[in-house]
Amino acid sequence: MLFWILVAVLTAVVAAILLYPLLRGAKAVDDARAGEAAVYRDQLRELDRDLAGGLISADEADYARAEIGRRLITVSAAPTADRKLSKHHRLTEAFVLLLLPIVGLCLYILVGRPDLPSQPLQARLENPGNDMTILVAKAERHLAQNPDDGKGWDVLAPIYFNTMRIADAENAYRNAIRLLGPSAARLDGLAETLMATSNGVVTEDARTVLEQSLQLQPDNPNASFYLALGLEQAGRTADAKAAFEALAKQSPDDAPWLPLVAEHIAKNGGATPKAPGNPTAADVAAAEGMNAGDQQQMIKGMVESLDAKLTEDPNNLEGWLRLVRSYAVLKDKDRAVGALKRGLAAFPASSEQGKKLLAVARELDIATEGTTE
């Protein structure tokens, strides 16, 4: 009931604010018209005094009186325009007083929850739904009463980091590590938090944490990348290049971080690593001096190299896509179909990866009959 009382009071206040300029404007018009009529009446009295004093003739007085009287009648009568304006104001007032609250109420009924009972803070904390703010508040309340709950700190730490509560994130990561023990994920999170505090610089504390993470998980690409970045920031170009090249060598061919690693390798004076089946800048330069037959032979060699690599490691969707396209470009449809079948053996046609392979085959007009069996 209190909610509806507040709604009614707020509606009345808004209506009064909207109506005030209209009412004030109408009153101002009426005051101006009354003042103008009073001026004309004073002119008529002054005209009678001038006539009695002999300052003007009777004909002049009659002429002036007629003109002043005409103006007085014009001012005293309500003009049609004013009546239309007044009618317009009345329609506006009716809209403000009646339609505006009705429209607002209908919108609330459609998009609001008038049937939902009011909930105090305690009830909202017990049933937060998908409200992240309430979830975080509930977790913080729990940890205030149970500060040794490592799982609570472990859950809250990345949430703090993603919402840019960096100091709270560092505290949460340190508590989670203290209570649950170090793990690669927790140490990486703490290192990223420390770097966020230092505006992206890999500080000595961050480097120590990353080295500890790498000891727990030697093939951890996050820790390897940030350690290499720290060497680059320290001006140790040769060491940074070697670290980035080692990361590129141990990474899968379709790793999403490879383009970024390649940029840092080039930045530190190294050559951009070559993806299987893709020519490097040196390959392109060498091919420019070849005749057409030699260029074709070079391309076939690169495609065969990619084919051999996929035979050894078939779990490479990007490699199969490149191989199918390469054979199609070489006009070798039989090998393209064979590559498609081998790719679908690694990635079944019913999977998302298999659907991508089939889509590329249809795009290249490669027969897919019998490849999905």
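Biologist: Where is Met-164 found?

Modeller: Met-164 sits in the loop between helix 6 (150-162) and helix 7. Helices here are DSSP runs of H or I with at least four residues, strands are E runs of at least two, and both are numbered from the N terminus. One caution: the model is predicted, so local features need pLDDT of at least 70, side-chain atom pairs count only at pLDDT 80 or more, and totals for chains, interfaces and linings use all residues. Residues are numbered from 1 along each chain as its sequence is written, and side-chain values use heavy atoms, without hydrogens and water.

Biologist: Why is Met-164 called exposed?

Modeller: Exposed means over 50% relative accessible area, buried under 20%, and partly exposed in between (1.4 Å probe, protein chains only). Met-164 has 61%, so Met-164 counts as exposed. Its phi is near 65°, a positive value in a residue other than glycine.

Biologist: What makes Asn-199 exposed?

Modeller: Its relative accessible area is 73%, so the exposed label applies. Asn-199 lies in the loop between helix 8 and helix 9 (204-216). Asn-199 also has a positive phi, about 60°, although it is not a glycine.

Biologist: Why does Ser-183 count as partly exposed?

Modeller: Ser-183 has 21% relative accessibility, so it counts as partly exposed. Ser-183 is in the loop between helix 7 (166-180) and helix 8 (184-197).

Biologist: What does the side chain of Ser-183 reach?

Modeller: The backbone nitrogen of Arg-186, at 3.2 Å.

Biologist: Why is His-264 called buried?

Modeller: Its relative accessible area is 12%, so His-264 is buried. His-264 belongs to helix 12 (residues 258-267).

Biologist: What makes the pair His-264 and Glu-232 a polar contact?

Modeller: A polar contact is a pair of N or O atoms within 3.5 Å; within protein, one must be able to donate a hydrogen and the other to accept it, and residues adjacent in sequence count only if both atoms are side-chain atoms. The side chains of His-264 and Glu-232 are joined at 2.8 Å.

Biologist: Which residues is His-264 in contact with, leaving aside neighbours within four places in sequence?

Modeller: Phe-225, Leu-229, Glu-232 and Phe-244. Contact means heavy atoms within 4.5 Å.

Biologist: How do you know that Val-111 is exposed?

Modeller: Val-111 has 72% relative accessibility, so Val-111 counts as exposed. Val-111 lies in helix 3 (residues 80-111).
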